Amino acid sequence: MFDVVVVGGGIAGMQAAVHAHSKGASVALITRTNPTSSYSITIQDGLNAALGPGDSPEAHAKETIHAGGFLADQAVVDSVCKDASWVVEELDRWGVPFNRDGAAYDLTRLPGSATARGLIADDMTGHVLTQVLYEQVLKSGIKLYEEFVVEEATTEGSAVSGVVVLDLATGRFEFIGAKAVILATGGPRRLYEPSTASLHCSGDGIAFAYRLGAPLVDMEFVQYHPFVLKNSRLAVSEVLTATAERVTASGEPITEAEAALPRAIAAAIAGGRGEDGCVALEYTFDKGLTNRFFNTNQRVSGLAGLKLADGKLPVRPAMHRLLGGVAVNHEGATSIGGLFAVGECAGATVHGAYGLPGNFLLASLTTARRTGRAAADYTGGRPYMPETDRMADHAENRRLNIFRREGGPNVAALRKELAAAMHQHAGLVRDATGLSQASQTIERVADAYKTAGVTSRNQDYNFGYLHYLELGNLLDAAQAIVASAAARQESRGVHYRTDFPTADPNQGAQHHLVTLTSGSPAVTQRPVEMSRWQPSTN
Amino acid sequence: MDVTFKVRRHDPRTGGKPSQQEYSVDLAPGATVFDALVQIREEQDGSLGFRGNCGRGFCGDCVVRMNGKLTLSCLTPVDKTVKDGVIAVEPAPYARQTKDLMYDDQTFLWDKYRAMKPWLVSDGAPAKPVTEEAMANVRTMMRCTMCGLCDFGCTVIDVDQGFMGPAALTKAYRFMIDPRDTATKERLTMAGEPKGMWDCVHCWEASEHCPVGIDPTHRIMDMRDLSVRHGIRSGKQNPKVARHYDSFAKSVKESGWLDEFKITMDTEGIMGSLRLAPVALKALTRGKVAVIHPKRSGAEHIKRIFEKVEAEFKAGQK
């Protein structure tokens, strides 16, 4: 029994856990891998904070809202940009060695921004932040469940009661009671191929909340990274591409920017202008900055046998982030009592229709800080739900049934089919026909999933069963993404429809909410909060 | 590309004996060994045990031995490793195997890491000015992914699993060089306990194994220097190191020689030295040590160097 259980040990999850603990809550953190091995460690852009001379949180908020096609909720963006200085001060105090210029922070102008406001720790900002947050988790004495998989979040009446977990090492199920559950599972990257996914990016929290009836928001906005190294999942660091980059296909430059850039690169490759399915990313490599790009150089050499100093890399776009997620209020609360969400699985409506490099870490850290504290407050004076093993027994029986299946469809093949369809029809370029084809594929895969078996019936470390669970969660996210994309009959940010290629101001004033209703996704609308800037006034 | 993987399987929980299993996989161009293992587990055998998540060198969980080479499988391309269509995959050495290619990483790595008080300790004001130069050094240390390769290469861990090891010691050093941390003395004392930094034999294996250029052997030497500079010549439970250290310096300063017998007597005492007699006899018969050390010509110069350095050191400490 804990006051707060955090599901997922990435940057957002650890930040929420540390802050819930700082408010006196008993906290457990459940992670599928080592806490220093989450997807977060691969983040290589930076952390935006308006700390430079002449910069202000207001200027930062304005740029964020413009970049996001006016679909971000403006009061939320405002508080995220304002909280940046708090978060940075705290991280520094905890030991993050941000790059400095003398004694002041060395701010990098990241792509898409007119201002230098990216704090970096060389090309490994995510890795360094993860380590420092893990150190704080250890210092706090937060209870860690490592290599535990959450199978479901549970409710009792209208409020959350805990989570059912699977101990990967032993194969045992367990129910962990909690007054509050914070979902911090990351996004469903493995729903797309190619993508920048780590092995376990299945965005489970989105599926947990969706199945409990909580609405998801902005699910149609799926952002691709323009520069992902050939044959790999490595997104080339924005810290590198910030320095005079040029993209060429067959020697011809591609000049589109931001949300339109991945689409333009994909079009060039599809039009036969690429080489081995890639375009050339050209940049000026400053040898004085060799140390800054140590990790990138080592990865590029290990993965592709190339040298960073050559100034040219073969790249192609790959799915990178889901901008939407579980709809939450200003304090990370979902529509279900005691259920909170942070990080990429949360629809905090900070990014709108396009997320700027450097804003993802900022949004995660600021909202998780707020949410961790709010969740601790929520638990104050609340009684624990009665302890029950009913849910663990249920999970055990379910697994038994799946283990009994013989010769069903292969989970990996199903995921591949799904990921290919999502990339083709619900990726960079969409239209009504394609989205309906994606829907059909999802239905077919979901049907096959009902009879799919696993290749091993072992109890301990059965990763096959884990992948089975992940596919189930990916299917729920897929449904919501496609329903939301079909309903948005306009183009905005990363959502591009060939049958509706322009922006529609009326639709642009509304978020889409997707709620599971009688087994199907139902789309409703919620007005975008535009208290400060209107699209017409710029 | 069709490749056969011969993977060492072992599930100690079920009491089975280690065996080898063959899997053939058709791989996409550019696939790494990690990609191949993932493909095997997802498509053919969900029970295959190995760790690894990011697939791009950051999580440090996927270290295995591939056709003899021990390193991160995610940065090891199949086409550069395969021999006659085969890659043999075995678990990393020393650590207790838990399943197939997985080992007990908690005991082998993380317990030692957690024992290092691995978080910044500050009494409010930074100990030294926070400069880019200092931060750059900290960042180099923080490249560490805890992949464990330095500990897998360590010749001391080979004979003593209790040795703190280069991974944990490097973590301690990361805080010692951070100008914002104010617990350097406490950390040096901790790292100077028995089975700590003074047990390192500087064989350089850690530095050769480290994939991110941290050079842990060098860092352990730096840590010893730092310790001496702080007047800490050993941990509280580890007085032998300080005696050895003093006797070593005294021997060279006074005679210009390293008098092994005197140093042993000073460090170990009479009983301890008797215990080591067989070692001494062996060393004598092989001509590794001498019984008599006549005063060396030029010894007075050595003494003067000592006195000069000692004076400078004292002045520097003030």
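Trainee: What should I know about the numbering and the model before we start?
Mentor: Residues are numbered from 1 along each chain as its sequence is written, and chains are lettered from A and ligands numbered from 1 in the order in which they are written. This is a predicted model, where local features need pLDDT of at least 70, side-chain atom pairs count only at pLDDT 80 or more, and totals for chains, interfaces and linings use all residues.

Trainee: OK. How many residues of chain A are in contact with chain B?
Mentor: 55 residues of chain A, with 44 of chain B. Contact means C-beta atoms, placed from the backbone, within 7 Å.

Trainee: Which elements of chain A supply that side?
Mentor: α3 (74–94), β4 (100–101), α4 (125–140), α8 (294–304) and α13 each supply at least two residues. Helices (H or I, at least four residues) and strands (E, at least two) are DSSP runs, numbered from the N terminus.

Trainee: And by class?
Mentor: The side of chain A that touches chain B has 19 nonpolar, 26 polar and ten charged residues. Ala, Val, Leu, Ile, Met, Phe, Trp, Tyr, Cys and Pro count as nonpolar, Asp, Glu, Lys and Arg as charged, and the others, Gly among them, as polar.

Trainee: New topic. What is the strand order in the open sheet of chain A?
Mentor: β19-β17-β11-β20-β21, five strands with mixed pairing. Strands pair if DSSP finds at least two bridges between them.

Trainee: Which strands stand at the edges?
Mentor: β19 (346–347) and β21 (520–527) of chain A. Each has a single partner strand, so one side of each is left without a neighbour in the sheet.

Trainee: How do β11 and β17 of chain A run?
Mentor: Antiparallel, joined by two bridges. A:Leu216 stands opposite A:Val326 in β17(A).

Trainee: Which residues touch the most other members of the largest nonpolar core?
Mentor: A:Val326 is one of them, along with A:Val4, A:Val5, A:Val6, A:Val181, A:Ile182 and A:Leu183. The core has 244 residues. A nonpolar core is a set of buried Ala, Val, Leu, Ile, Met, Phe, Trp, Tyr and Cys residues joined through C-beta atoms within 7 Å. Buried means 20 or more other C-beta atoms, placed from the backbone, within 10 Å of a residue's own.

Trainee: Which helix gives the most to this core?
Mentor: Helix α13 (residues 463–487) of chain A, with 16 residues.

Trainee: What does A:Ile182 contact, leaving aside neighbours within four places in sequence?
Mentor: Its contacts include A:Val4, A:Val6, A:Phe340 and A:Thr371.

Methods
Buried ≥ 20, exposed ≤ 12 C-beta atoms within 10 Å, placed from the backbone. Contact = placed C-beta atoms within 7 Å.
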